[in-house]
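Dear colleague,

I am handing over the structure that follows, together with some notes on what was found in it. Please read the notes with the structure open beside them.

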Amino acid sequence: MDFAESAEHRDLRAAVAAIASGFGPQYYAQHAAERTPCDELWTKLGEAGFIGVNIPAEYGGGGGGLTELALVCEELGAQGTPLLLLVVSAAISAEVITRFGTDGQRATWLPGLAAGTTKIVFAITEPDAGSNTHRLSTTATRDGDGWVLRGTKYYISGVDEAQALLVVARTGPASSATAESQKQGRNEAPLSLFIVPADSPGLQRHVLPVDLLLPEKQFTLHFDDVRVGPEALVGQEGDGFRQVFQGLNPERITGAAQCVGIARYVLGAAARYARERQVWDAPIGTHQGVAHPLARAKIDTELAALMIRQACWQHDHGEPAGESANMAKYAAAEAAIAAADAAMQTHGGNGFATEYGLLPYWASARLLRVAPVNREMILNYVAQHSLGLPRSY
């Protein structure tokens with residue numbers, strides 16, 4: 001494995017930074033406070049080809065891999081402009097459609113995703129299922145040559161910005177589990193994925209009030225007899241479980257990259273403040289009580305970045321990336337929270353002042369400790385799969 005950044009990757013970082021720095025943390029903080037999308041930044045990134053950097057060139061994308069998309073996510077965070085929907089639309093939806101979609105689905109959706117003119121959000125979470133994908137209750141029932149979707153989804157990001165949703169639904173009872181699932185000892189009800197237009201009749205959305213300072217809104221969705229045609233089914237019926245996990249690794253990796261970017265941004269802001277702020281005739285950064293938490297957070301951030309590179313390399317080379325993706329997500333979220341907390345502590349009371357704008361980044365980091373998978377489930381995964389301990393749930 002070679003994790004060294006190439007000249008092309010350094011150029012990619014610089015190009016993303018040049019665009020994002022033209023907007024900056026004040027732009028992000030304003031949109032976070034107003035709960036409004038960062039459309040202008042998204043459009044600029046799309047025009048430059050960075051939204052679809054991981055989409056095949058034949059569909060208008062950059063022809064890169066997850067490594068390149070993670071660099072984009074990290075650099076946006078480092079410039080104080082993290083975009084959550086990149087993790088959802090580019091990392092999950094684009095990856096799943098590219099790998100499992102039909103030729104028609106790729107031709108229909110990938111060019112818009114690559115250009116940044118189309119967003120497809122991921123709808124998997126449900127009120128009564130939590131992290132247990134096996135308990136999903138949203139169903140898709142055959143109706144002629146199409147399907148009818150019924151059920152509820154919860155905490156779905158950016159529905160108001162999206163043209164379509166990638167919906168996970170049950171398509172049969174447990175007795176109809178695929179042969180491959182039964183062979184692996186899993187007799188859960190088969191899942192399938194559907195691309196559902198956001199304006200479909202019967203699809204109701206309601207803003208889910210949250211106290212997070214984020215530009216992206218959260219929604220509860222109700223599928224009341226939402227009808228879709230056969231072209232909505234992604235890949236093979238009943239293959240949704242495998243498709244979902246193909247998308248979850250990129251989601252975790254790019255979420256981790258966003259955390260590393262956030263950590264880089266807040267540590268930079270804190271270091272500047274600690275160099276300039278004087279209380280007892282010396283910069284406060286000379287005091288170890290200020291310097292050491294920042295230094296520890298810097299070390300943890302760089303360690304998380306290394307794990308992200310490993311996870312990206314494995315994913316892009318077709319190797320199993322579940323362990324490294326989960327570890328990267330865990331390490332990066334912890335590093336980002338520690339960095340944001342140390343940055344706010346360095347600023348003292350100013351850490352809460354709108355002028356310094358640190359709170360939205362703490363909120364983003366804190367969210368990414370819980371989503372898209374919480375750290376407790378990651379610890380369960382590592383205990384079971386990496387250490388061979390008995391399953392605890």
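I begin with S364, which is buried, with a relative accessible area of 4%, where buried means under 20% relative accessible area, exposed over 50% and partly exposed in between, for a 1.4 Å probe and protein chains only. S364 belongs to helix α11 (residues 359–370); helices (H or I, at least four residues) and strands (E, at least two) are DSSP runs numbered from the N terminus. Apart from neighbours within four places in sequence, the contacts of S364 are Y28, L214 and I262, contact being heavy atoms within 4.5 Å.

Before going further, please bear in mind that this is a predicted model, in which local features need pLDDT of at least 70 and side-chain atom pairs count only at pLDDT 80 or more, while totals for chains, interfaces and linings use all residues. Residues are numbered from 1 along each chain as its sequence is written, and side-chain values use heavy atoms, with hydrogens and water left out.

L221 and L203 are 18 residues apart in sequence, and their C-alpha atoms are 7.0 Å apart in space. With neighbours within four places in sequence left aside, L221 is in contact with residues including A123, G151, I156, V159 and L203.

Turning to helix α1 (residues 7–20), its 14 residues should span 20 Å at 1.5 Å a residue, and the end C-alpha atoms are 20 Å apart, which agrees; the expected span is 1.5 Å times one less than the number of residues. The buried residues of α1 are H9, L12, R13, V16, A17, I19 and A20. Seen down the axis of α1, these buried residues fall within an arc of 160 degrees, so they line one face of the helix, the arc being that of the directions from the helix axis to the C-beta atoms. E8, D11 and A18, on the other side of α1, are exposed. The buried residues of α1 pack against α2 (24–34), α3 (39–47), α4 (66–78) and α8 (240–276).

Finally, the axes of α4 and helix α5 (residues 84–100) come within 11 Å and cross at roughly 170 degrees; axes are lines fitted to C-alpha atoms, for helices over the stretch in contact, and angles run from 0 to 180 degrees between N-to-C directions. The two helices, α4 and α5, are therefore roughly antiparallel to each other, a term used for angles over 145 degrees. L66, L69, V72, C73 and L76 of α4 meet L86, A90, A91 and E95 of α5 in this contact.

Notes:
Parallel < 35°, antiparallel > 145°, perpendicular 65-115°, else oblique.
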